[in-house]
Amino acid sequence: MSANSEYLSSFRPRFRQPSAVDLCSMVPCMTADQTNEQVMEVFGKHRDLVSLPVVEGTQPIGLINRNIFLSQMSKPFRMELYGRKSCIAFMDKEPLIVDAGLDIEALTFRTVECGEKAMSDGFIITEQGAYAGVGHGLQLMRVVADMQAARNRQIMHSIEYASVIQRSTLRSSLDALARVCPGAHLVWEPRDVVGGDFYQFSTEADGWSATVADCTGHGVPGAFMTLIASTNLSQAIKQHGPRDPAVLLGSVNRSIKQMLGQLDGKDSTPGSDDGMDAACFWFEPAQGRLVFAGARLSLMLVRPGADTVELVEGQRKGIGYVDSDFDYAWSNQELILAPGTLVFICTDGLIDQVGGPRAIALGKRRVRELLFEHRARTPAEINGAVLDALTAWQGEHHRRDDLTFFCFRT
């Protein structure tokens, strides 16, 4: 092993981030007193040599690009004129020179700033100002690509495990629903691995409550919001009970605004304007009494013998956002539902999905038509028909948002 190789080996500590030294390759170098004839000999001997460093003592002073040099020297009389002159005649006097300890991310920025020549010619690597070797642009790109792939794998592993956690937190709600309303059916499909929609069901001796919510964003940011919102909703139910949906929405609104510092436009956390839309109801099966409060989400009903789908609109005020007043009060709507009434709730992921021959949103009208068409079927069959229709409508378009819809029959 050469002295330089021993030096490079000693420079590489264990368990560290990649740096310029990992790209360092030893190649021949020239001195300022060597001639262009000698440069020609070196390039002829080393056919794979892209560039040739020039040093003065131990310090690098330039870089000779193979293609440029050979192109210049192949012109008439150039060998006769320049063959015995110093090799600095055709060298780049301002090559990219980096320290061996420079991390790969910083090296990438330096390479981009330097321009194309750093990618094509490569760059000189030094240790304490002394020449150590050269690195190549293609080699740097491979290392960056490998690092990015490793980061992506790590991120995806984290997100996939986050999905397990998110689904686990929702499972108890499904178990509660199955106990009180076995025929109910729910579809929950995040656009990404994790999502910004959530649902929550709780039971009492005389009835049960349900909340379907659509938080700001999707993917990881949306999943964080579901954690915040669902936790605050659980606390509100413990404090106020499940029978007053309007009170629950107001409580969650105040909690989100306080937690995210979104109290008003003046005092808000910069860049933070997050919240959720929600449909929340309390249902007493014995009396067929349903109490509903909505924040930009609606309730759809198909009563027995009805010739249309009834739409019970929520209020046009989101929960937790900067423009939602801290003490905003949602109102309850009380409905008496005959046995056999079909109840359907969905988030905007269903209604706003773009598709069809004109690339427009599916819309509430089409959803209502689907519900009416399949009104005699079971909730599971109705949801299946809605999901099939959505898939056909979406076609080749990308899924725009998280998707949640819930259906049950009284």
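Let me start with Asp 206 and Arg 243, whose side chains meet in a salt bridge at 2.7 Å, N to O. A salt bridge here is a side-chain nitrogen of Lys or Arg within 4 Å of a carboxyl oxygen of Asp or Glu. The pair links distant parts of the chain, 37 residues apart. Asp 206 sits in the loop between strand S8 (197-204) and strand S9 (207-215), and Arg 243 in the loop between helix H8 (219-240) and helix H9 (245-260). Helices (H or I, at least four residues) and strands (E, at least two) are DSSP runs, numbered from the N terminus.

Before going on: this is a predicted model, where local features need pLDDT of at least 70 and side-chain atom pairs count only at pLDDT 80 or more, while totals for chains, interfaces and linings use all residues. Residues are numbered from 1 along each chain as its sequence is written, and side-chain values use heavy atoms, with hydrogens and water left out.

Buried means under 20% relative accessible area, exposed over 50%, and partly exposed in between, with a 1.4 Å probe and protein chains only.

By the salt bridge rule the count comes to eleven. One of them joins Arg 296 and Asp 277, the closest N and O atoms being 2.9 Å apart. Arg 296 lies in the loop between strand S11 (289-295) and strand S12 (299-302), and Asp 277 in strand S10 (residues 276-284), so this bridge ties together parts 19 residues apart in sequence. Asp 277 counts as buried, at 8%, whereas Arg 296 is partly exposed, at 39%.

Another bridge runs from Arg 289 to Glu 334, again with closest N and O atoms 2.9 Å apart. Here the partners are 45 residues apart, Arg 289 in strand S11 and Glu 334 in strand S14 (residues 333-336). Salt bridges that share partners join Glu 284, Arg 289 and Glu 334 into one network.

Now a charged residue without such a bridge. Asp 402, in the loop between helix H12 (379-394) and strand S18 (403-409), is buried yet has no salt bridge. How far away is the nearest side chain of opposite charge? That side chain is Arg 191, at 5.7 Å; Lys and Arg count as positive and Asp and Glu as negative, with His and the chain ends not counted. The side chain of Asp 402 does reach the backbone nitrogen of Arg 191, at 2.7 Å. The backbone nitrogen of Gly 196 also lies 2.7 Å from a polar atom of that side chain.

Last, a sheet. Three strands form an open sheet in the order S1-S2-S3, with mixed pairing; two strands pair if DSSP finds at least two bridges between them. Strand S1 (30-31) and S3 stand at the edges, each with a single partner strand, so one side of each is left without a neighbour in the sheet. Strand S2 (residues 51-56) and S3 run antiparallel and are joined by six bridges. In that pairing, Pro 53 has Leu 63 in S3 as its bridge partner. Ile 61 also lies in strand S3 (residues 59-65), and at 23% relative accessibility Ile 61 counts as partly exposed.

Notes:
Polar contact = N/O pair within 3.5 Å; in protein donor to acceptor, adjacent residues only side chain to side chain.
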